[in-house]
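Welcome! Please take a look at the structure below, and then let us walk through some of its parts together.

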Amino acid sequence: MPADWTDSSVVTLAGRDAKSFAPNIVVTRAMSDAALADYAKSQLPDIKAATKKHKLVSENEERIAGQDAYVLEHSFQTPERTKVRQLQYLSLIHISEPTR
């Protein structure tokens, strides 16, 4: 990858479709200098703009596999008027730049 490029890859893992629940995990790689809670909260305007009847149900700091994490719980309505509840786990992983 060229030195001036950024890896913004997204990986989606999807479980089997079910009538009432379709589990999935989306892993997004993004560069940020923000503190974890600040980064998590910065995601809210985009989520609110992309959904109807958005409500932030809860938010809190946690530890997952020994790493600091921030959890946002959302409820919103899909265009088909289905009520959705979503847990969003955010964690920052610090990667050292390769030396040249």
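What you see is a predicted model.

In soluble globular proteins, nonpolar side chains tend to be buried together.

## The sheet

Now let us turn to the strands. In what order do the three strands of the open sheet lie? The order is β3-β4-β5, and the pairing is antiparallel. Strands β3 (52-64) and β5 (83-90) stand at the edges with a single partner strand each, so one side of each has no neighbour in the sheet. On average, neighbouring strands of this sheet are turned by 15° against each other, direction ignored.

What holds strands together in general? Strands of a sheet pair through backbone hydrogen bonds, either parallel or antiparallel. In this model, β4 (residues 67-77) pairs with β5 in the antiparallel sense over eight bridges. To find a spot in this region, look for Q77, which stands opposite K83 in β5.

## A closer look at H54

Next, find H54 in strand β3. Is H54 buried or exposed? Its relative accessibility is 19%, and the cut-off for buried is under 20%, so H54 counts as buried.

Which residues does H54 touch, leaving aside those up to four places away in sequence? They are L44, I47, K48, H74, S75 and F76. With H74, the contact of H54 includes a polar one: the two side chains make a polar contact at 2.9 Å.

## A closer look at R29

Our last stop is R29, in the loop between β2 (24-28) and α1. At 38% relative accessibility, R29 lies between the cut-offs of 20% and 50%, so R29 counts as partly exposed.

How far apart are R29 and S8 in sequence and in space? In sequence they are 21 residues apart, while in space their C-alpha atoms are 5.1 Å apart. R29 also has a link to D7: a polar contact of 3.2 Å joins the side chains of R29 and D7.

Terms used: Residues numbered from 1 in each chain as written. Predicted model: local features only at pLDDT ≥ 70, side-chain atom pairs only at ≥ 80, totals over all residues. Heavy atoms only, no water. Pairing = 2+ DSSP bridges. Helix = DSSP H or I, 4+ residues; strand = E, 2+ residues; numbered from the N terminus. Axes fitted to C-alpha atoms, helices over the stretch in contact; angles between N-to-C directions. Buried < 20%, exposed > 50% of the residue type's maximum accessible area, 1.4 Å probe, protein only. Polar contact = N/O pair within 3.5 Å; in protein donor to acceptor, adjacent residues only side chain to side chain. Contact = heavy atoms within 4.5 Å.
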